[in-house]
Amino acid sequence: MNSEIIKPEKPWVLTPRQVAPRALLFSLAFFATIFTLNLTSFNGKLGFFFLLFAYSSAANLTYNVRKHGRKAIGESIAGSLILGGSLVVFLPVFSILFTTLQNGISGLHFTLFTESMSEASFIDPIGNGGLLHALIGTIYLIVISAVISVPMGIITALYLTEIKGPGSRFIQFVVQAMSGVPSVVAGLFIFSSVILLTPIKASSFAGALSLAILMIPTVTRTSQEVLLLVPSDLREAGLAMGATQWKTVVTIVVPAARNGLITATILGVARIAGETAPLIFTLGGADKVNLNPFKDYNSALPFYVWKGLSLGTPESLARAWSGILVLIVLVLSLFILARTFGSQKFKK
Amino acid sequence: MENPDLLEEKIMSTDPNPAASSSAKPNSLGDISATRQANRQPGNRPLGSGLEARGIHAWFGKNHVLEDVSLDFAAGTVTALIGPSGCGKSTFIRTLNRMHEFIPGAAMAGEVLLDGKDVYDPGIDVTKIRLQIGMVFQKPNPFPSMTIGENVLSGIKLAQLKVDNKDDLLEECLVRAGLWSEVKDRLGAHAGGLSGGQQQRLCIARALAVKPKVLLMDEPCSALDPGSTLRIEDTIVELAKNITIVIVTHNMQQAARVSDYTSFFLSDGGPGQMIEVGPTSQIFSRPVDQRTENYVSGRFG
């Protein structure tokens with residue numbers, strides 16, 4: 001009737017008729033998987049996914065060969081391998097998130113974020129005490145080491161990419177060597193050079209210093225990568241308008257690399273948020289809230305988790321899992337915060 | 001890495017007296033200035049500055065790319081530099097506003113005089129030179145993190161200049177660059193959303209905002225379609241009333257359309273040289289040098 005009105009179409013989208021045989025084959029593979037699982041010694045989630053993947057790949061291959069002939073063999077196998085590869089990458093990530101959520105959720109309770117462990121023990125019933133002290137300790141560590149490493153890392157990256165001044169090659173070498181330093185060595189270094197030799201004793205600040213050693217190379221190298229992506233004709237355009245190099249870097253290069261520099265910061269924080277080893281020597285460990293980052297022992301979430309795991313009772317294990325969950329949520333919300341804050345300017 | 005001292009020595013030995021060697025060149029500067037005098041309208045004093053290049057040589061590392069180029073750009077004129085790729089045109093104009101020195105391994109010899117003062121004088125503030133000699137590049141390069149309006153005024157911020165009325169300046173520059181009517185309703189939008197031709201006119205507006213006396217254009221239309229090219233040519237003709245323009249182009253029709261003087265560059269495998277310079281009509285109708293005639297008539301070789 002409305003033949004003169006042309007409707008928008010998507011001819012490249014598969015019609016239900018084209019999808020049906022593939023869906024049928026997939027469900028066949030699914031039932032075959034369950035059948036095999038029941039008959040053989042294969043079992044568990046991993047076995048299920050593995051068999052389902054193998055069967056559906058085989059089914060897909062047969063279907064494609066029937067439909068498109070021999071030339072579809074390589075195509076189909078390559079497609080399955082790529083899909084399999086990405087599953088291998090994604091499975092552990094989702095597995096970690098899922099397991100943490102599953103185990104950690106039982107340890108969540110109201111006083112978790114309002115109380116410390118100063119009047120409770122790890123083997124007490126779950127409802128006693130909380131991890132406020134560890135949460136505050138971790139936030140102190142992240143903030144202090146970020147305040148130290150982000151400016152240092154970005155300025156080093158600017159020196160290496162923009163100024164290319166004397167010693168650039170040596171600094172580049174040092175940065176690379178630093179990113180290979182085992183984290184426990186960073187802790188030992190601060191212990192022997194700061195805690196033993198200066199008035200600064202084991203505290204949040206000392207812990208943050210050791211984490212900064214790990215964070216600086218990450219921030220530097222990522223910042224360098226993103227600064228190199230800024231096209232050089234933008235720098236030339238700035239210089240050609242009578243700007244000094246400093247002005248060009250500040251008003252053009254850094255804003256152009258802004259999002260990348262925020263990513264560099266996030267990666268740096270991610271690098272250190274879960275570190276435990278350097279804190280053994282530098283943080284001390286405490287069970288009560290310590291609001292002074294420069295004095296006295298403090299705790300951190302990884303420390304809290306480690307303590308809970310080492311005791312091994314059901315209550316302490318549940319506490320450890322909820323500590324991991326809180327740590328993941330904390331880091332994740334920092335990411336989201338930095339991302340939204342970083343891209344705000346481009347939304348108007 | 002090149003040893004700067006050695007390079008210096010080499011420069012001196014190749015060209016002990018740049019000024020002297022340039023005056024010995026056949027394309028005498030006297031002829032040009034005579035023509036310019038004839039062309040100049042009485043009472044119509046141009047606002048731009050004169051620019052003079054004397055005996056310019058340029059090197060990249062050990063590679064001698066430009067040999068003894070002397071050119072006089074009179075105030076308020078448009079000079080087109082033509083010639084095949086690799087003959088040193090772009091290198092030459094980059095020596096004029098001291099952009100040449102940003103390329104690693106670059107070296108040069110000779111003098112560039114802006115209103116009679118050498119821009120390579122050690123006591124001179126190089127950022128002031130680049131402020132007076134603006135540049136438009138081959139590829140449109142608006143700043144991606146800034147809006148259209150911010151792009152135009154970026155030079156004010158970069159060079160830390162004081163301006164009384166930014167809105168007036170913004171409008172003036174965009175009008176002069178022939179872009180105002182197209183962007184006046186979206187000055188707050190990002191420059192990346194403009195077409196290639198609009199982006200290039202935005203870059204011209206940006207260069208104009210710092211009030212340069214000379215504008216260097218390095219193949220400004222090579223990435224643009226014919227329509228945008230014509231618009232930019234109109235802009236160039238309009239701008240030439242107030243400032244001195246040097247334009248590198250591969251498009252000979254463009255050189256013929258927009259320029260008062262044309263200079264032909266050529267490299268015979270060695271360093272690039274300036275073969276001939278003269279009023280544009282003369283270069284295209286009765287050039288002195290056979291090589292120029294071959295090039296402008298399309299019988300190149």
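A residue is called buried if 20 or more other C-beta atoms lie within 10 Å of its own, exposed if 12 or fewer do, and partly exposed in between, with the C-beta atoms placed from the backbone. The structure is a predicted model, in which local features need pLDDT of at least 70 and side-chain atom pairs count only at pLDDT 80 or more, while totals for chains, interfaces and linings use all residues. Residues are numbered from 1 along each chain as its sequence is written, and chains are lettered from A and ligands numbered from 1 in the order in which they are written.

Chain B contains 13 helices and 10 strands; helices (H or I, at least four residues) and strands (E, at least two) are DSSP runs, numbered from the N terminus. Of its 301 residues, 49% are buried. Two residues are in contact if their C-beta atoms, placed from the backbone, lie within 7 Å. Among contacts in chain B between residues at least 6 apart in sequence, 72% join residues at least 24 apart.

Helix 9 of chain B (residues 196–208) has 13 residues, and 12 of them are buried, so this helix is largely enclosed by the rest of the structure. Among the buried residues are B:Gln198, B:Arg201, B:Ala205, B:Arg206 and B:Ala207. The cover over the buried residues of helix 9 includes strand 6, helix 6, helix 7 (166–176), helix 8 (180–183), strand 7 (214–218) and helix 10 (226–239) of chain B.

Two strands are taken to pair if DSSP finds at least two bridges between them. Strand 6 and strand 7 of chain B pair in the parallel sense over 4 bridges, and B:Gly134 has B:Leu215 of strand 7 as its bridge partner. Not counting residues up to four places away in sequence, B:Leu215 touches B:Gly134, B:Val136, B:Ala207, B:Leu239, B:Ile243 and B:Ile245.

A nonpolar core is a set of buried Ala, Val, Leu, Ile, Met, Phe, Trp, Tyr and Cys residues joined through C-beta atoms within 7 Å. The largest such core has 143 residues, of which B:Val152, B:Ala205, B:Leu215, B:Leu216, B:Ile245 and B:Ile247 touch the most other members. In soluble globular proteins, nonpolar side chains tend to be buried together.

Further strand pairing in chain B is antiparallel. An open sheet of 4 strands has the order 2-1-4-5, with antiparallel pairing. Strand 2 (63–73) and strand 5 (117–118) of chain B stand at the edges with a single partner strand each, so one side of each has no neighbour in the sheet. Strand 4 (residues 106–114) and strand 5 of chain B are joined by 2 bridges, and B:Leu114 stands opposite B:Lys117 of strand 5. Strand 9 (residues 261–266) and strand 10 of chain B run antiparallel and are joined by 6 bridges, with B:Val277 in strand 10 as the bridge partner of B:Ser263. The hairpin of these two strands has 6 residues between the strands, and B:Gly269 takes a positive phi near 100° in it. In strand 10 of chain B (residues 273–279), 5 of the 7 residues are buried, so this strand is largely enclosed by the rest of the structure.

Chain A is divided into domain 1 (16–106) and domain 2 (132–347), the bounds coming from an automatic or database domain assignment. The centres of the two domains, taken over C-alpha atoms, are 40 Å apart. In the contact between them, 5 residues of domain 1 meet 6 residues of domain 2. Helix 1 of chain A has 24 residues and is hardly covered, with a count of buried residues of 1. A:Ile266, in helix 10 (residues 258–273) of chain A, counts as buried because it has 20 C-beta neighbours inside 10 Å. Leaving aside neighbours within four places in sequence, A:Ile266 is in contact with A:Phe335 and A:Ala338.

The contact between the chains takes 22 residues from chain B and 18 residues from chain A. On the chain B side, helix 5 (126–132), strand 6 (133–136) and helix 6 (148–158) each supply at least two residues.
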